[in-house]
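Subject: Structure handover

Dear colleague,

I am passing on the structure below, and I would be glad if you could look through it alongside the notes that follow.

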Amino acid sequence: MTWAIEQKNYSQRRACGLIGLAPKTYRYRSRRPDDGELRRRLRQLAAERRRFGYRRLLILLRREGVAVNHKRLFRLYREERLMVRRRGGRKRALGTRAPLTIPQGPNQRWSLDFAADVLSDSRRLRILVVVDDFSRECLALVVDRSLTGHRVARELDRIAALRGLPLMIVSDNGTELTSHAILGWQAARGVAWHYIAPGKPMQNGLVESLIGRLRDECLNEHLFKSLPAARHILELWRLDYNTTSYRTSRYAVEGKRLAWLRAGPAGGLAPIRARIRSSRAAGLSRSVRRKSHGPSSSGWIAAISPRCAARRRVFAATPTTDAACVRLSQGSMPSSAGR
């Protein structure tokens, strides 16, 4: 436009018509006030408050008496490139990262985690699960609508009042378990707290296994009408889990003490004794077979009656303790079956 008017001596109207621009638009002059002082103060505040966005900077400016519209401030904020960079991720409590040692007795190490479920009216509830890693005893099932870090600390104190503090507690990196309340609790009590690696729930497998059994045997089998009903049912399940014999752990809680799970009239040592007897009988039958029928087990099987041979093949295919006891009552057996 300026070149056409000054060099070619075109009129303003003709020059605007050539490029399709309205003369009013060409003659328009901005009436915005000078933003230099506002930009300078905005940069100063952004340098002092590095994590403040434009909304909080607007509050600070208005406290100083600067009358500015939020849209105008956002435009200047963007032009000055003062945007706050988003952090990569939240900070996690480091805790210990050394490999966990195997507990050698009860109350040495606890594991805890959260489970979730809903009531019959679709209201959500959370369950804090605490387990002893040595005895596999379920120490607590805390049920509530919300479980904060302070509530978790109170429940740990309640359990510790009954059985004492553990040496270590294992958990994931949940916000409740990395809060200032939990960090202050473990520092005041002198309890080591081990946080598993993020995204590795298998490192806290004991409590995860208990939560799976809880969900399969209780949560999926009941419909909770209210929070007190859920607490009552879960407490009954916890007592049944701690006192029943049908558990994967070697121990059960009987009369407020740990007892070896009974596996028959002879107690917990019966399977071990039966396995020792079966190994001895296997060695005896191996020596007899070498003297009479040679080293081949097929020759030994063929030498006996077909009916007895079929029965022995079935027992050889199921090398369990009960089958070993039955074979012991029948006499000698092949070495491969008695192993």
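To begin with the strands, β2 and β3 form a hairpin with five residues between them, and Arg136 in the turn has a positive phi of about 60°. This is a predicted model, in which local features need pLDDT of at least 70 and side-chain atom pairs count only at pLDDT 80 or more, while totals for chains, interfaces and linings use all residues. Residues are numbered from 1 along each chain as its sequence is written, and side-chain values use heavy atoms, with hydrogens and water left out.

Strand β2 and strand β3 (residues 138–144) pair in the antiparallel sense over six bridges, where pairing requires that DSSP finds at least two bridges between two strands. Helices (H or I, at least four residues) and strands (E, at least two) are DSSP runs, numbered from the N terminus. Within this pairing, Val131 stands opposite Cys138 in β3, and Val131 is also the bridge partner of Ser111. Strand β1 (residues 109–118) pairs with β2 in the antiparallel sense over nine bridges, and these two strands form a hairpin with five residues between them, in whose turn Ser122 has a positive phi of about 70°. Seven of the nine residues of β2 (residues 124–132) are buried, so this strand is largely enclosed by the rest of the structure; buried means under 20% relative accessible area, with a 1.4 Å probe and protein chains only.

The largest nonpolar core has 21 residues, of which Ile127, Val129, Leu141, Leu214 and Leu234 touch the most other members; such a core is a set of buried Ala, Val, Leu, Ile, Met, Phe, Trp, Tyr and Cys residues joined through side-chain atoms within 4.5 Å. At least two residues of this core come from each of β2, β3, α9 (205–219) and α10 (227–243), and α9 gives the most, with six residues. Leaving aside residues up to four places away in sequence, Leu234 touches Ile127, Leu141, Val143, Leu214, Cys218 and Leu219, contact meaning heavy atoms within 4.5 Å. Another core, of 20 residues, lies apart from it and includes Leu112, Ile169, Ile182 and Val191.

Finally, helix α7 (residues 149–163) and helix α8 (residues 180–189) pack at an angle of about 30°, with their axes 8 Å apart; axes are lines fitted to C-alpha atoms, for helices over the stretch in contact, and angles run from 0 to 180 degrees between N-to-C directions. The two helices are therefore roughly parallel to each other, a description that applies to angles under 35 degrees.

Best wishes

Terms used: Angles under 35 degrees count as roughly parallel, over 145 as roughly antiparallel, 65 to 115 as roughly perpendicular and the rest as oblique. Buried means under 20% relative accessible area, exposed over 50%, partly exposed in between (1.4 Å probe, protein chains only).
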